[in-house]
Amino acid sequence: MELELTSTLPRRSFVAATTAAIATTAAAVQTASAANEKIGVGFIGYGLIGKRHVLDFQQQPDVNIVAVAECHQGRLDEAKALIGGGAKGYGDFRKLLEDKNVDVVVISTPDHWHALMTMLACAAGKDVYVEKPLTLFPKEGRWMIDVAKKHGRVVQVGTQQRSGPHYSAAKKLIQDGHIGKVVSIRMQSYRNVVPGFGNPPDGPPPAGFDWDMFLGPAPQRPYNSQRGLYHFRWFWDYSGGQMTNLGQHSLDIVDWYLGPLALKSVASFGGRFALADSGETPDTQDAIFDFPGCTAAWSHREVSQGEPAGSGLVFCGTKGSLSISRSGFTVTPDRQIRPEDAVPQFTEGGQPVGGVARSKQRAETKLWTTALTDQSGNQLDQFRRHVRNFLDCIKSRQRPVSDLESGHRVATLCHLANLSLRLGRSLQWDAKTETIRGDAEATAMLERPYRQPWDAALKGALSYSKRPRLLQQAFQAQAGTLVLRGHADLISRSAWSAVCSTWRVMSSPISRCERVFHC
Ligand SMILES: NC(=O)c1ccc[n+]([C@@H]2O[C@H](COP(=O)([O-])OP(=O)(O)OC[C@H]3O[C@@H](n4cnc5c(N)ncnc54)[C@H](O)[C@@H]3O)[C@@H](O)[C@H]2O)c1
């Protein structure tokens with residue numbers, strides 16, 4: 001839904017004049033002049049991927065990095081030095097959210113923070129780039145979508161492959177039927193990291209590491225380096241292991257090419273079979289997803305490289321297969337054969353009389369489709385393009401290429417696979433209602449409690465019912481005209497009347513809004 005009014009007010013003055021309404025309206029408001037302003041970016045989390053993001057945002061001409069929040073002092077200092085230019089450093093990310101120079105927040109913290117930080121940032125009027133996996137448990141995704149929508153925020157999920165040109169080219173091939181009907185998808189990640197990453201004792205956190213802030217909404221625990229930087233991935237309190245860490249990337253491409261994926265059921269098996277460290281998530285896992293008309297299988301091993309090793313994503317169609325990675329793709333055609341020639345025979349002369357007869361002569365080899373290869377992929381280029389897509393969407397107020405709906409849908413697939421593994425049974429899913437059919441125990445696991453004070457913060461973020469009134473005040477406080485794009489559902493019917501009488505409406509008459517009011 002898009003409304004358009006015209007404005008002579010610079011965005012910052014509008015926002016400043018309506019501080020009471022920042023949390024509710026700044027997202028939806030953008031003046032023509034704002035298009036030429038630099039976008040103030042703040043980073044939360046400066047680790048393995050956070051540092052990459054700093055470098056990529058730094059390269060954008062319309063970006064001004066103004067702040068960074070880190071709960072690890074050493075990393076905070078390093079980030080500030082890398083950013084330079086007097087960027088502010090915060091140990092508490094809530095201070096960064098209060099910083100009026102921050103228009104946009106980039107969240108690169110462990111998974112258990114993604115949802116809450118995104119919602120708080122949206123409520124503070126910031127657009128958000130948040131790393132994958134989008135969530136720690138399924139319910140968080142719908143909360144994020146609702147909060148972002150209510151605040152009119154643009155949110156990009158860090159599934160950067162969607163910005164790779166060769167991924168788009170392969171998408172077109174598949175959607176044009178180049179490999180026929182896709183019936184099966186195979187995804188894998190195989191390596192051998194035996195014996196694992198160690199089993200250190202609990203102890204005091206290193207000086208300058210705010211462990212309580214790291215844990216945030218997760219359960220209180222004594223400090224343990226295995227649960228901290230990078231290795232949080234191997235613990236259920238902060239992550240879903242490789243199923244969510246890597247599986248979200250692969251399933252995201254599947255959803256993008258063939259989706260939206262409406263899962264019917266999932267079964268997953270595995271365990272921590274061979275790693276001798278203190279981690280919890282499976283070192284070996286297989287998951288089968290049942291979608292209408294096709295199946296998808298995820299498989300990871302941390303303890304046996306096997307053959308083929310490494311990562312893989314293969315779409316198997318009725319004319320051939322397409323195998324894709326961050327560096328490129330290959331289409332391998334299937335041979336056209338007479339089906340009877342595929343029937344085995346164990347004696348010369350074939351089956352006894354009455355059996356299936358093979359062709360007498362070898363037929364000329366024909367292929368169902370053409371072989372193709374494209375090795376143009378470049379991971380760093382994908383990262384940069386993803387940032388660019390996000391920044392462009394901030395200006396246009398369009399949905400980014402990796403939007404919240406897809407991020408939520410795909411993260412949920414991963415979480416459901418993990419639930420199946422942990423419960424030891426397959427799960428039936430109703431994709432429309434986002435509920436598990438006939439399994440009360442599994443249903444209860446779609447949500448987890450947040451630790452205080454973060455539970456209160458969550459409830460605050462979810463209670464947005466007063467926003468229409470605040471929005472109305474925001475409009476009435478101003479003179480002149482402004483551009484308001486998107487998210488008419490922020491506006492109550494009475495607020496809209498006030499808008500109409502105060503502002504010159506360029507498009508989107510009330511009749512177009514009514515549909516949204518009823519949503
Ligand atoms: N898209 C990709 O290709 C990609 C690659 C790597 C990681 N990731 C994702 O990025 C996220 C981070 O992973 P990582 O490997 O960079 O982890 P990391 O441990 O290296 O970095 C996370 C940082 O967040 C900081 N942090 C934690 N809680 C914080 C808080 N409350 N306030 C401020 N800072 C806080 C930590 O101190 C740490 O420096 C994960 O969700 C991971 O799945 C994505």
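Which of the 28 residues around the ligand come nearest? They are Gly45, Gly47, Leu48, Ile49 and Glu131. The model is predicted: local features need pLDDT of at least 70, side-chain atom pairs count only at pLDDT 80 or more, and totals for chains, interfaces and linings use all residues. Residues are numbered from 1 along each chain as its sequence is written.

Two or more shell residues come from each of helix 3 (48-58), helix 6 (111-123) and helix 9 (211-215). Helix 3 gives the largest share, three residues. Helices (H or I, at least four residues) and strands (E, at least two) are DSSP runs, numbered from the N terminus. The shell holds 13 nonpolar, 10 polar and five charged residues. Nonpolar means Ala, Val, Leu, Ile, Met, Phe, Trp, Tyr, Cys and Pro; charged means Asp, Glu, Lys and Arg; the others, Gly among them, are polar.

The axes of helix 7 (residues 138-150) and helix 13 (residues 404-423) come within 8 Å and cross at roughly 170°. Axes are lines fitted to C-alpha atoms over the stretch in contact, and angles run from 0 to 180 degrees between N-to-C directions. Helix 7 is therefore roughly antiparallel to helix 13 (angle over 145 degrees). Helix 7 contributes Pro138, Gly141, Arg142, Met144, Ile145 and Ala148 to the contact, and helix 13 contributes Leu404, Glu405, His408, Ala411, Thr412 and His415. Contact requires C-beta atoms, placed from the backbone, within 7 Å. These residues divide into six nonpolar, four polar and two charged.

Note on methods. Near = placed C-beta within 6 Å. Parallel < 35°, antiparallel > 145°, perpendicular 65-115°, else oblique. Contact = placed C-beta atoms within 7 Å.
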